[in-house]
Amino acid sequence: NAHVLAGARSNLGSFAWRRVALVGGVIVASLLLMQPSVASLWIAWNDTEARAYTHGPLIALVCLWLFLQRRDELSDAVIAPVFVGTACVAVISIAWVIAFRSGLQLIHEALFPFLVWLTVWAAVGIRAAKICAFAILYLYFAVPIWSIGNGILQAMTVFATDLMLKV
């Protein structure tokens with residue numbers, strides 16, 4: 001009986017890893033399909049002159065680590081593709097292609113992590129998408145969208161400093 005139970009656990013374990021591998025495969029396929037965003041992010045992450053986003057590879061590793069930390073939960077998730085998710089992927093993919101073809105690099109890079117998450121939702125279901133959400137969306141800390149607010153933040157700093165000096 002102990003031998004049969006150990007064999008059942010072994011099969012269960014391999015089945016669980018297949019689910020994790022399926023979700024990982026969906027993520028990798030998304031990365032390959034959106035290669036222009038990956039390439040432009042890689043360039044920004046390796047820009048040693050500006051240095052604003054050279055932490056990108058570390059963030060990507062943290063995303064991978066966060067994904068692997070949730071592997072036990074993923075192995076229990078029911079795989080249930082979502083038709084509405086597929087429609088959302090189609091709409092956002094069209095927006096991504098338009099942004100890419102229009103040369104709107106910041107837009108297609110900003111859509112990239114969200115589109116990866118939507119793809120997971122569409123392909124494997126909402127439960128797996130919820131489990132992976134933080135790991136995937138954490139990548140936004142390495143997407144160069146944060147410099148948009150620099151002007152506003154600088155103006156707020158000048159205003160606050162001026163106010164403090166008057167006080």
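**Helix packing, charge pairs and surface**

Author: Helix α5 (residues 83-101) packs with helix α6 (residues 105-124) at an angle of about 160°, their axes being 9 Å apart. Helices here are DSSP runs of H or I, at least four residues, numbered from the N terminus. This is a predicted model, in which local features need pLDDT of at least 70 and side-chain atom pairs count only at pLDDT 80 or more, while totals for chains, interfaces and linings use all residues. Residues are numbered from 1 along each chain as its sequence is written, and side-chain values use heavy atoms, with hydrogens and water left out.

Reader: Is α5 roughly parallel or roughly antiparallel to α6?

Author: Axes are lines fitted to C-alpha atoms, for helices over the stretch in contact, and angles run from 0 to 180 degrees between N-to-C directions. Angles under 35 degrees count as roughly parallel, over 145 as roughly antiparallel, 65 to 115 as roughly perpendicular and the rest as oblique. The angle between α5 and α6 is about 160°, so α5 and α6 are roughly antiparallel.

Reader: Which residue forms a salt bridge with Asp-162?

Author: A salt bridge is a side-chain nitrogen of Lys or Arg within 4 Å of a carboxyl oxygen of Asp or Glu. The closest N and O atoms are 3.3 Å apart, and the partner is Lys-166.

Reader: Is Lys-166 buried or exposed?

Author: Buried means under 20% relative accessible area, exposed over 50%, and partly exposed in between (1.4 Å probe, protein chains only). Asp-162, at 37%, is therefore partly exposed. Because its relative accessibility is 65%, Lys-166 counts as exposed.

Reader: What is the N to O distance in the salt bridge of Glu-73 and Arg-70?

Author: The structure holds two salt bridges. Glu-73 has a relative accessible area of 32% and is partly exposed, and Arg-70 is partly exposed at 28%. Their side chains meet with an N to O distance of 2.7 Å.

Reader: Which helix gives the largest share of the nonpolar patch?

Author: Patches are made of residues with over 30% relative accessible area and no salt bridge, with like charges joined within 9 Å and nonpolar side chains (Val, Leu, Ile, Met, Phe, Trp, Tyr) within 5 Å. Val-28, Leu-31, Leu-32 and Val-38 make a nonpolar patch of about 330 Å², an area from the Shrake-Rupley method with a 1.4 Å probe. Leu-31 is partly exposed at 33% relative accessibility. Three residues of the patch, the largest share, come from helix α1.

Technical notes: Helices (H or I, at least four residues) and strands (E, at least two) are DSSP runs, numbered from the N terminus.
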